[in-house]
Amino acid sequence: MTLYDLANPTRFLSLVERIMPWLIGATVLALATGLYMAFFYAPEDYQQGVTVRIMFVHVPSAWLALLCYAMMAGSSIGTLVWKHPLADVSAKAAAPLGAAFTFLALFSGSIWAKPMWGTWWVWDARLTSFLVLFIMYLGIIALWRTMDDPIKAAKANAILTLVGVINLPIIKFSVDWWNTLHQPASVFRTDGPALHSSILVPLLVMAGAFTLFFIMMHLMFMRNEIYARRIRAMRMRAASAAQPHANVTAQIREV
Amino acid sequence: MNWMTALFVREFKIAARVGGGALIGVLFFLAVVTVFPFGVGPDLKMLARIGAAVLWIGALLATLLGLDRLFQADREDGTLDLLLMSGRPPELIVLVKCAAHWAATGLPLVISAPVLALFVNLEPTAIGAVTLTLLVGTPALTLIGAVGAGVTVSLRRGGVLLSILVIPLAIPVLIFGVSAATAAVGGPTPFLTPLLYLCAISLFALVLGPVAAGAALRVASD
Amino acid sequence: MKLICDSLTCERGGRRVFENVTFQISSGEALIVRGPNGVGKSSLLRVIAGLVAVRSGKMALEGGIEDRTVPEHCHYFGHLDALKPSLTALENLSFWRSFYEPVELAGFSSDATLGASEALETLEIGHTAHLPAAFLSAGQRRRLSLARLLVVPRPIWIMDEPSSALDAASERTLLGLMASHINGGGIIIAATHLPLDLPNTKYLEFSRGDGRDDEGLAEDYDGFGDSGDFL
């Protein structure tokens with residue numbers, strides 16, 4: 001099946017129906033394995049104790065927060081370049097998911113910060129970048145919700161998303177720069193010593209489980225959005241049947 | 001008269017004549033700068049330390065203030081339709097409109113910054129630095145804001161949403177602008193590094209803003 | 001010069017407005033689009049002006065300037081006057097004169113080489129030249145907006161209810177200007193429900209069906225864009 005066939009929503013929906021049970025099964029399995037490993041396989045940190053396990057939610061959420069934006073950016077290109085109707089739907093479906101994962105990353109970061117640094121929030125470079133990303137997601141969701149015409153909303157959002165994706169590295173860079181300026185000793189390093197496999201493996205399993213969960217939710221959201229648009233189209237059809245706008249004929253007449 | 005000059009002159013005249021023009025932005029700037037000491041206390045030492053940031057935040061808010069009308073006014077009275085049919089590239093139209101908008105509203109902010117800097121107890125070097133960074137940085141704010149104005153052009157009340165969309169994108173401008181201004185009077189970094197980053201961002205916005213806003217205007221017409 | 005529109009179909013906000021509108025019009029002809037309100041006359045004009053995207057169908061201009069789109073050959077005179085109330089009448093008009101890209105074609109001799117002040121005189125609003133447009137009456141604003149068509153030569157005039165808000169004398173002036181545009185080799189496409197007395201006129205009649213046989217139309221009408229199978 002090519003991407004072109006998928007442009008057909010009915011075919012897309014039937015594909016979703018077929019793979020959804022498998023996807024749900026795989027997600028549950030991966031999540032169960034990941035959580036088991038996170039709680040019983042991975043060791044506690046000798047300094048942080050049990051709170052280090054928050055990492056197994058925090059890091060995958062952060063990864064998904066970025067993946068969602070990448071998904072929206074890819075869909076936006078689809079909207080603007082190929083005018084692919086499913087690209088609109090995909091971009092719209094990814095926005096709340098991205099916001100949710102970003103929120104989860106911020107939230108888990110916050111409850112991790114409390115025992116580690118004794119405060120709910122630090123203006124750490126990564127947390128700050130994610131806060132900015134969160135605001136960007138909410139802005140995009142707000143723009144989707146304020147525009148009635150789905151086609152125009154899709155185009156406006158696609159432009160905004162692409163401008164955002166171009167700006168994200170600049171924002172990340174500037175926030176990192178700002179952070180080192182004000183807080184020279186980095187408190188949270190990812191480029192430290194390589195993670196031991198007893199931590200790395202559960203982390204990768206959780207990242208995989210989160211990704212599967214994202215794909216599942218994204219397909220479900222897309223399905224809902226397609227149904228929502230069908231309802232919209234049906235209502236419009238009902239309205240125009242009462243007052244037949246659609247049935248316009250035009251004839252040319254020489255006089 | 002060259003078409004770009006004609007557009008610039010017209011936009012400048014409209015911006016200067018309507019609704020108090022440049023004055024209203026400066027007034028808002030003054031109001032924002034005035035409320036800071038009431039919030040943080042009148043300690044002159046502390047004000048001197050955060051003064052550059054106060055001026056920058058004031059300028060950012062004042063810039064956002066008038067941006068929602070940048071294209072919306074043209075859309076409402078039918079001008080936007082005619083601009084799009086004119087045969088002139090929308091990107092350049094956006095660029096010229098932004099230039100005129102900045103000249104009418106951004107430049108007065110830059111000019112009034114040295115006076116407002118006195119209220120927050122900045123020393124002369126810092127006054128010069130903050131004015132220079134505002135001169136380099138406020139065009140970037142206008143150009144980035146134009147993207148927000150473009151995507152919200154069809155919304156009747158797009159002003160607040162525009163600010164929400166634009167502020168995250170404006171953060172780098174704010175960071176480097178304030179850093180450069182504070183670095184001028186001693187700080188961990190040299191003055192030139194953040195200033196050059198700020199210049200780079202402004203140049204980048206000079207391309208990105210018109211292209212994105214032009215595309216947004218094209219798809220918004222209906 | 002010949003404008004060819006082939007099976008134009010238009011959707012706005014996901015609503016099918018009209019479909020399969022086909023016509024041709026050549027230099028020195030007028031096309032009057034007629035029909036009841038809300039039937040899509042304005043939408044057709046906006047499609048030709050490039051302001052509303054066509055869902056399907058083709059639009060081509062033979063004998064125009066090679067690398068320009070159809071809308072760039074057109075003047076659009078719609079419901080909105082596109083005037084800035086804070087600028088004077090002359091400033092409003094002079095702007096369009098220097099801003100708009102003119103279109104000069106062989107076989108199209110326009111009288112649209114008027115200066116801004118002359119154009120105002122022609123439309124009998126010369127005395128308002130230095131007044132801000134905010135002070136103009138509705139009819140005067142309309143004439144000021146019309147003056148734009150006289151100061152920049154463009155061969156295709158797209159006019160939506162051109163005679164609205166005009167008194168009888170102004171309407172005669174308008175008809176005279178339209179007639180001389182046609183006689184000069186231009187094209188006029190106008191939507192109106194009032195009779196307009198113009199030379200070389202074709203009519204495009206929009207009519208609304210009885211609403212019972214619109215099933216075929218609604219079939220692929222999904223509110224989506226290009227893919228027809230959402231319903």
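1. In this predicted model, C:His181 counts as buried because its relative accessibility is 4%, under the 20% limit for that class. The residue is found in helix H5 of chain C, which spans residues 168-183. Leaving out residues up to four places away in sequence, C:His181 touches C:Phe108, C:Arg154, C:Pro155, C:Ile156, C:Trp157, C:Gly186, C:Ile187 and C:Ile188.

2. The interface of chain C and chain B deserves attention next. Here 28 residues of chain C are in contact with 26 residues of chain B. The two chains bury about 2400 Å² between them, and 57% of this area is on carbon and sulfur atoms. On the side of chain C, the most area is lost to chain B by C:Leu51, C:Lys84 and C:Phe99, which together account for 28% of what that side buries.

3. Polar pairs also span this interface. Between chain C and chain B, 12 residue pairs are in polar contact, with both residues at pLDDT 80 or more. Strand E5 (74-77) and helix H2 (89-99) of chain C each supply at least two residues of the side that touches chain B. Helix H2 of chain C gives the largest share, six residues. By type, the residues on this side of chain C comprise 14 nonpolar, five polar and nine charged.

4. Over all chains there are 20 salt bridges, and six salt bridges are found across the interface of chain C and chain B. In one salt bridge, B:Asp74 pairs with C:Lys84, with the closest N and O atoms 2.6 Å apart. This pair crosses between chains, from helix H4 (residues 69-76) of chain B to the loop between E5 and H2 of chain C. B:Asp74 counts as buried because its relative accessibility is 3%; C:Lys84, at 6%, likewise counts as buried. Both residues belong to a network of salt bridges that also links B:Glu11, B:Asp77 and B:Lys97.

5. A further salt bridge joins the side chains of C:Arg46 and B:Asp81, at 3.0 Å from N to O. C:Arg46 lies in helix H1 (residues 41-48) of chain C and B:Asp81 in helix H5 (residues 79-85) of chain B, so this pair joins two chains. Both C:Arg46 and B:Asp81 are buried.

6. Within chain C, the side chains of C:Glu101 and C:Arg68 meet in a salt bridge of 3.5 Å, N to O. C:Glu101 lies in the loop between H2 and helix H3 (116-122), and C:Arg68 in the loop between strand E4 (54-62) and E5, so the pair ties together parts that are 33 residues apart in sequence. C:Glu101 is buried, with a relative accessible area of 19%.

7. The largest nonpolar core has 122 residues, of which A:Leu143, B:Phe29, B:Leu55 and B:Phe71 touch the most other members. Helix H7 (residues 124-151) of chain B contributes the largest share of this core, 13 residues. Beyond its neighbours within four places in sequence, B:Phe71 is in contact with residues including B:Val94, B:Lys97, B:Ala146 and B:Leu217. A second, separate core of 79 residues includes B:Leu7, C:Phe23, C:Ile189 and C:Ala190.

8. Chain A has seven helices and one strand, running α-α-α-α-α-α-α-β from the N terminus. Of its 255 residues, 49% count as buried. Among contacts in chain A between residues at least 6 apart in sequence, 80% join residues at least 24 apart.

Conventions. Residues numbered from 1 in each chain as written. Chains lettered and ligands numbered in written order. Predicted model: local features only at pLDDT ≥ 70, side-chain atom pairs only at ≥ 80, totals over all residues. Heavy atoms only, no water. Contact = heavy atoms within 4.5 Å. Buried area = accessible area lost by both parts, 1.4 Å probe. Salt bridge = Lys/Arg side-chain N within 4 Å of Asp/Glu carboxyl O. Polar contact = N/O pair within 3.5 Å; in protein donor to acceptor, adjacent residues only side chain to side chain. Helix = DSSP H or I, 4+ residues; strand = E, 2+ residues; numbered from the N terminus. Nonpolar A, V, L, I, M, F, W, Y, C, P; charged D, E, K, R; others polar. Core = buried A, V, L, I, M, F, W, Y, C linked by side-chain atoms within 4.5 Å. Buried < 20%, exposed > 50% of the residue type's maximum accessible area, 1.4 Å probe, protein only.
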